[in-house]
Amino acid sequence: MKRPMWPMLACLTLSALAPVSAQDLTITNARIIVANGTVIERGSIVVRAGKIVSAGAGAASTTSSPGGQTIDAKGMTAMPGLIDAHRHINTGPDEKAQMQALLEAGYTTILSGGGPADGNLTLKDHIDKGVINGPRIIPSARIALAKNTPEAARAQIRAMAEMGIRFTGEILVTPVPGPTAQELEVLRAIVDEGAKAGVNIQVHAVSSSAMVAAVDAGARLLVHLPNKDWVSREDAKKVAASGARILTTSGFGAPVFGVFANDNNPRFRDGKPWPEGIIDGVRLGEEAGYMLVNARTIWDQGAILGYCTDTTYDPRAGLDHELRGLSVMFSMQDLVKLMGPNTADYIRMGDQLGTLEPGKLADIILLDGDPLEGYWNWLKTRVVVKGGVIVIDKR
């Protein structure tokens, strides 16, 4: 596969060559989408020591905003920084451009989709130390069910915990015809050891039978919606009742255009021809329909549905691709909840991210236009604040 070319970033950005301390910051004259159901048409956000002190209507009070930098949003919209709860990232020669592109698209937090644990940790370290500019990285590590034993899998989970890794990558459960007894035995051991070691277990279960089996085995983080069949209401209710969280990846199976080449030919998300390039295709193309309808079925039965892209190509193009699909099945108000507090909940940071409320980390994006009008306005990021630091400024 031809390596995707990362776009040249010609806009004004703040280079991060050394760790930057959180700034005292006040954002004024902004439409504020708090992401808890509240929209403030014209208000101010005050940030101190990397956290939100207040988000309310009108101008900030002089007592809450005694100094620091001020951004006049001039009618722009403030939203929580975007979270991709499953994107394949790692250290490497292109990491600087890739991480910058993620910030440009509005992402402030990324949960790694897997890959070598040491590479994940190196990338995180580069960003934390200011070697490169980038979103907050939550590393993960690979673990497999196939040819594994419960005892060996438990040891791998303990090793992850010792490295400081708190999430597994996606653990593949055979979707068709379904997981084997051996897979489920190992998965139950992994779930049990994860609870003891403080490691969150993520499962890749992309058929209804695999999804239900994973939930029955104790898994509570499902990386993808089923894309092999239709999810019944009964199965959706079972997942919701278990407390499991699921990520959308609604663009799986849907063709992309203009990302890998501008020849107007449909391609799969890895650049291969569509639909032949679909991984483990059932009937070549039906996956796109399954994902969208299953997302709505699971949402309507009360399950917590979060957001991810599961891509490696240009972040803004990936965001556009996912939002186009999601907007077929969800209102913009629902997408605010899905991509904000629901996704923060999935990555176990609901108390710190996902809404613009006092006490939360100051991860804020300023967009041109009103995101509640349509998904296209979610693609107009002008300013990105991560933990109280302005990391992108394209005003």
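This is a predicted model: local features need pLDDT of at least 70, side-chain atom pairs count only at pLDDT 80 or more; totals for chains, interfaces and linings use all residues.
## Ground rules

Helices (H or I, at least four residues) and strands (E, at least two) are DSSP runs, numbered from the N terminus.

Residues are numbered from 1 along each chain as its sequence is written, and side-chain values use heavy atoms, with hydrogens and water left out.

## The whole protein

The protein has 9 helices and 16 strands. Its radius of gyration is 21 Å, close to the 21 Å that the globule rule gives for 395 residues, so the protein is as compact as a globular protein of that length. (The radius is taken over C-alpha atoms, and the rule is 2.2 Å times the number of residues to the power 0.38.) Taken along the principal axes, the C-alpha atoms fill a box of roughly 65 × 45 × 40 Å.

Of the 395 residues, 55% count as buried, meaning under 20% relative accessible area, with exposed being over 50% and partly exposed in between (1.4 Å probe, protein chains only). As for contacts (heavy atoms within 4.5 Å), take those with a separation of 6 or more: residues 24 or more positions apart account for 70% of them.

## Surface and charge

## D363 and its partner

D363 is buried, with a relative accessible area of 4%. Its side chain makes a polar contact of 2.6 Å with the side chain of R136. A polar contact here is a pair of N or O atoms within 3.5 Å; within protein, one must be able to donate a hydrogen and the other to accept it, and residues adjacent in sequence count only if both atoms are side-chain atoms.

Setting aside neighbours within four places in sequence, D363 also has a list of contacts that includes M79, P80, G81, T108, T109, L353 and K386.

## Two buried polar residues in helices

N120 sits in helix α2 (residues 117–128) and is buried at 1% relative accessibility. The side chains of N120 and S112 are joined by a polar contact of 2.6 Å. Beyond its neighbours within four places in sequence, N120 is in contact with I89, N90, S112, G114, I137, P139 and S140.

E183 belongs to helix α4 (residues 181–197) and is buried too, with a relative accessible area of 9%. The side chain of E183 makes a polar contact with that of T174 (2.6 Å). Not counting residues up to four places away in sequence, E183 touches L145, V173 and T174.

## Helix α1

Helix α1 (residues 95–105) is mostly covered, with 9 of its 11 residues buried. Among the buried ones are E95, Q98, M99, L102 and L103. Just after α1, G106 takes a positive phi of about 105°.

Which peptide bonds are cis? One runs from V176 to P177, with omega near 5°, and P177 lies in the loop between β9 (167–172) and α4. A cis peptide bond also joins W274 and P275, where omega is about 5°; P275 is in the loop between β12 (245–247) and α7 (286–300).

Then there are positive phi values in residues other than glycine. A35 has a phi of about 80°; A35 is in the loop between β1 (25–33) and β2 (39–48) and is buried at 8% relative accessibility. D310 has a phi near 55°, lies in the loop between β13 (304–306) and α8 (315–329), and is buried with a relative accessible area of 8%.
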